Amino acid sequence: MKIKSNEISSLIKEEIKHFSSAIESNDVGTVISVGDGIALVYGLDKAMLGELLLFPHDIYGMVMNLESEHVGVALFGNDRLIKEGDTVKRTKKVTEVPVGNELLSRVVNSLGAPLDNGPSIKSKKYRPIERIAPNVMKRKKVDTPLETGIKAIDAMIPIGRGQRELIIGDRQTGKTAIAIDAIINQRDKNVKCIYVAIGQKNSSVASIYDKLKQYNALDYTVIVNASASELAPLQYIAPYSAMAMAEEWLEQGEDVLVVFDDLSKHAVAYRALSLLLKRPPGREAYPGDVFYLHSRLLERACKLDKKYGGGSITALPIVETQAGDISSYIPTNIISITDGQIFLVTDYFNAGLRPAIDTGFSVSRVGSDAQFKMMKQVAKSLKIELANYREMLSFSQFGSDLDKETRKILTHGALLTEMLKQHQYSPYSCTRQVIEIYATKNGYFDDLDPKKLLPVLDDLYSFIVASYHDVIASLDKGKELTDKVELRLKEGINNFIKTIK
C-alpha cells in the first residue's frame, strides 16, 4: 500500500495540535527554588492570585506573588518534602474552606480539616476565603444588642450585632476571658460563634475547648486553630477562613460572633511571609499593605438589611500591646478600622479589679443604640460618676482632711467600682445587671463596706427572684424600666435591706 505524503503531514499536524492542547490543559509548572515555607514556581503563566496549587506528597500551596518569570507560593505543608525540579499542578480553584452547620462543635485548622480526632467533616458547600465585603446599600444600622453578660461592657461600652469592637491590652490582662464569657453568654440567644486562635499555644486552645464544653457552649461554636506550631501561611489565612464560615450563616439571616485571638500575631505571620516573598519592608518591618490586611477582613463584619436576610457578623478582634502602648503600628491601625475598643489595664488587673477595663479609654461608637431601654435608663451617667471618682481619688491622695461631699463621692465611687467586678465564666442576664446597677447607683448600699457588696448583690437578686417575680418577668419581657416596675423594684430593695439589717 502506497502512503501519500500529504496524508502523513496532515496526521502529524493533527497530533501536534492535540499535543499542544494537552500541555495547556495540564497547567503544570516546575519548582525552581524552595525554602522557609516558600516555593518559586516557573511555567504557571495562567495562575490566579490566591489559587491553590498541588505539589508532590499531596502538599498544597497558595499563590501570593505573580511575577513575570515565576509565581511565589506559600506552602501549607512540610517544605522539606519538596525539591527543586518537582512538578506543580494548578487546581484552578482559589483557596476555599468547608462551611455549614457540620462545623459546629468542632476544632478545625485553617483549611477546615478536623483537629479534634473526630470524624471527617462532610460539608455540602465550600466558600472562598477572600470575598469583597457587602456594600453600603446592603447594610443596616446596628441596633440590636449583643449581650456579653459582663456588667462593665453591657452598661458602658455596649456591643451591637454587626459591630467590630476591639479588645486591647497587655498580655495576661484578661482579653481572652472577656471573649470567652461573651461566647458562653450566647447560649439560647440564636447566635453562632467562631473562636479563631492565631499563634496561641495548643494547651491554651485545649483549655478553652474544655471550658466551652463545660458550659454547654460548644453546640453553637466552631474553633479554628492556627497555633504557634503551625506554618505562617496557615496562621495568615485562619481569620479569612473563619470569616468565610461566618458569611454562610450571615446569608441565611443568622447572627454570628467571631473572635480573632489575636490580630497582632496575625500581622507578625504576614510580615514573615512578606519578607520571605522579597516584598519591601516598611515601618517596624511590616509591609505597606498591612493595613489592608485587617481592613478587608474586619469590613466583612456587618449587619445586613432585611431585604438581604437581616443576618449579622459581630467581630471581636483582640490585639496585644507592649507596656500599654496603644500608639504603636498595629494597635493604631486596628483602632482606626473598628467601631470602638475595650482597653484593659495591667494595674487594674493586679489590683483585683476584674475585668480590668479602663472606662476612660474604652469606647463604643455605636453607643446606646446597642442597648436595651432598661439598661440605657439605669446606666446613662455611670461612666461620668466613675470618672469623677477616679479624678477625686487621685486628688485625695495629697490631702488628709476631706469634706463631706468629697467623702461621699469616694465612698459611692468605690461601691460602683466593686459592683462592676465579676468572676470569669459567670456572665449575668441583662435583667440581673439592671437590678444590681440600679441598687448600687441609687445609693441603697452607700453605708456598706465595699468588700461586702458582691455577696449582698447576689442575695438581693435571689430575693427579688423569689419574692418579686413580677419585676423579673416584666424586665425580661419588656426590656424597659417603667414607673410601675420601678416602684415595685424600689419596694423589693427596701424590704431586702430591712431583712439584712
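**Note on the predicted model**

1. Helices α14 and α15 are roughly perpendicular to each other, a label for angles of 65 to 115 degrees, where under 35 degrees is roughly parallel, over 145 roughly antiparallel and the rest oblique. The model is predicted, so local features need pLDDT of at least 70 and side-chain atom pairs count only at pLDDT 80 or more, while totals for chains, interfaces and linings use all residues. Residues are numbered from 1 along each chain as its sequence is written, and side-chain values use heavy atoms, with hydrogens and water left out.

2. The axes of α14 (residues 453-467) and α15 (residues 469-478) cross at roughly 95 degrees and come within 5 Å. An axis here is a line fitted to C-alpha atoms, for helices over the stretch in contact, and the angle, from 0 to 180 degrees, is taken between N-to-C directions. On the α14 side, Tyr461, Ile464, Val465 and Ser467 meet His469, Val471 and Ile472 of α15; contact means heavy atoms within 4.5 Å. By class, this contact has 5 nonpolar, 2 polar and no charged residues. Nonpolar covers Ala, Val, Leu, Ile, Met, Phe, Trp, Tyr, Cys and Pro, charged covers Asp, Glu, Lys and Arg, and the others, Gly among them, are polar.

3. On the whole protein: there are 16 helices and 16 strands. These are DSSP runs, helices being H or I with at least four residues and strands E with at least two, numbered from the N terminus. The C-alpha trace spans about 120 × 50 × 45 Å along its principal axes. Of the 501 residues, 51% count as buried, meaning under 20% relative accessible area, with exposed over 50% and partly exposed in between (1.4 Å probe, protein chains only). Among contacts with a separation of 6 or more, 73% come from residues 24 or more positions apart.

4. A search of the whole structure finds 7 aromatic pairs. Rings of Phe, Tyr and Trp (its six-membered ring) pair if their centres lie within 6.5 Å; planes under 30 degrees apart are stacked, over 60 edge-to-face and the rest tilted. Phe463 and Phe496 form a tilted pair, 5.7 Å centre to centre with 50 degrees between the planes. Phe463 lies in α14 and Phe496 in α16 (residues 483-500), so the pair ties together parts that are 33 residues apart in sequence. Phe496 counts as buried, at 3% relative accessibility. Elsewhere, ring pairs link Tyr236, Tyr240 and Tyr270 into a cluster.

5. Two charges over rings deserve a look. Arg432 lies over the face of Tyr428, 3.9 Å from the ring centre. The charged end of Lys479 sits over the ring of Phe372, at 4.8 Å from its centre. The criterion is NZ of Lys or CZ of Arg within 6 Å of the ring centre and within 35 degrees of the ring normal.

6. One runs from Asp261 to Asp262, with omega near -5 degrees; Asp262 is in the loop between β13 (255-261) and α6 (263-276). Another runs from Arg354 to Pro355, with omega near 5 degrees, and Pro355 is in the loop between α9 (346-350) and β16 (363-364).

7. Asp36, a residue other than glycine, has phi near 55 degrees. Asp36 is in the loop between β1 (28-35) and β2 (38-42) and counts as exposed at 60% relative accessibility. Glu284 has a positive phi of about 55 degrees although it is not a glycine. Glu284 lies in the loop between α6 and α7 (290-298) and, at 42% relative accessibility, is partly exposed.
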